Amino acid sequence: MDSRPPPDPARDTHPSSDPLPARRLFGLTLRAVTLSETTAWLLEAGARRQRPAWVVVTPNVDHLVRLDADPAFRQAYAQADLVFADGMPVVWASRLLGQPLPGRVTGADLFVELARGAAAQGLGIFVLGGQPGQEAALAASFARVYPGLRVDIHAPSMQFDPLGAEAEEAVRRVNAARPAFVFTCLGSPKQERWALGHRERIDAAAILCVGAAMEFALGIKRRAPHWMRNAGLEWAWRLASEPRRLWRRYLVQGLRFVPLVWRERAAQRAARRR
């Protein structure tokens with residue numbers, strides 16, 4: 001049973017009052033919009049700065065498998081305001097299940113598009129993540145890659161507790177900066193737990209949980225070529241780039257995703273019969 005509270009009509013609508021279409025899959029409300037539509041929507045929300053902050057998550061196969069195995073995390077994750085499919089396998093599954101999504105909206109792409117848009121519109125961003133002590137170097141990289149972007153960076157320790165003292169310090173720093181967008185680059189589930197645990201107190205339009213997106217956005221890590229992304233092979237590029245760290249995510253978790261798809265399909269058939 002879905003334990004989420006009913007949606008608040010004031011929060012579940014486009015700033016211009018046009019609803020964002022959605023598909024119900026894997027216990028989540030996945031938004032059926034393109035990257036360009038998502039970017040435009042969030043930039044408008046950023047200019048309006050309505051509170052509390054919207055929480056944005058972009059689940060891939062690894063996230064969905066984790067959510068299935070961790071009911072407490074799944075219940076918390078389902079409280080996110082905007083959920084977009086990050087991985088092409090999730091998009092393919094949506095089509096197989098008769099709930100087609102137009103394409104994926106990745107955290108890496110959102111970071112780039114919103115950084116460019118924020119720079120053009122004079123909006124600020126805050127990045128929570130990165131290597132401790134490297135904030136100045138990261139700020140210099142942002143100035144080079146995104147000229148004119150107002151950015152504040154806080155890199156907490158590797159022992160960051162999303163509900164502990166460091167989390168409170170992060171909230172204080174964000175509110176002092178008053179950005180339009182907060183990008184949490186802490187890895188899952190830390191970033192989601194921090195965003196969902198503190199959103200009512202965050203003075204920003206949106207909090208986006210985007211993992212390693214900053215490293216791709218600044219060129220610290222190379223993304224797969226466009227043809228691989230379009231073909232749904234970005235996972236292979238990342239696996240080849242970091243095999244020791246990512247083999248379990250892409251090989252083991254990927255296999256566990258298949259039963260989730262078939263279970264979802266069976267649940268849909270049973271619902272239709274009822």
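This briefing walks through a helix, some salt bridges and a charged surface patch. The model is predicted, so local features need pLDDT of at least 70, side-chain atom pairs count only at pLDDT 80 or more, and totals for chains, interfaces and linings use all residues. Residues are numbered from 1 along each chain as its sequence is written, and side-chain values use heavy atoms, with hydrogens and water left out.

**Helix H5**

- Helices (H or I, at least four residues) and strands (E, at least two) are DSSP runs, numbered from the N terminus.
- Helix H5 covers residues 107–121, and its 15 residues should span 21 Å at 1.5 Å a residue, which agrees with end C-alpha atoms 20 Å apart. The expected span is 1.5 Å times one less than the number of residues.
- Buried residues of H5 include Asp109, Leu110, Phe111 and Val112. Here buried means under 20% relative accessible area, exposed means over 50%, and partly exposed lies in between (1.4 Å probe, protein chains only).

**Salt bridges**

- The whole structure holds 14 salt bridges, each a side-chain nitrogen of Lys or Arg within 4 Å of a carboxyl oxygen of Asp or Glu.
- Aspartate 109 and arginine 223 pair up at 2.6 Å, N to O. Aspartate 109 sits in helix H5 and arginine 223 in the loop between helix H9 (213–217) and helix H10 (226–230), so this pair links parts of the chain 114 residues apart.
- Arginine 193 and aspartate 70 form another salt bridge, with their closest N and O atoms 3.8 Å apart. Because arginine 193 is in helix H8 (residues 190–198) and aspartate 70 is in the loop between helix H2 (61–69) and helix H3 (71–77), the pair ties together parts 123 residues apart in sequence.
- Arginine 193 is partly exposed at 32% relative accessibility, and aspartate 70 is partly exposed at 28%.
- Arginine 199 and aspartate 81 also form a salt bridge, at 3.1 Å between the closest N and O atoms, and both residues are buried.

**A positive surface patch**

- Arg269, Arg272, Arg273 and Arg274 gather in a surface patch of positive charge. Patch residues have over 30% relative accessible area and no salt bridge, with like charges joined within 9 Å and nonpolar side chains (Val, Leu, Ile, Met, Phe, Trp, Tyr) within 5 Å.
- Arginine 274 lies in the segment after helix H12 (243–273) and counts as exposed at 77% relative accessibility.

Definitions and conventions:
Accessible areas come from the Shrake-Rupley method with a 1.4 Å probe; for residues, only the protein chains shown count as cover. Lys and Arg count as positive and Asp and Glu as negative; His and the chain ends are not counted. The place of a charge is taken as NZ of Lys, CZ of Arg, CG of Asp or CD of Glu.
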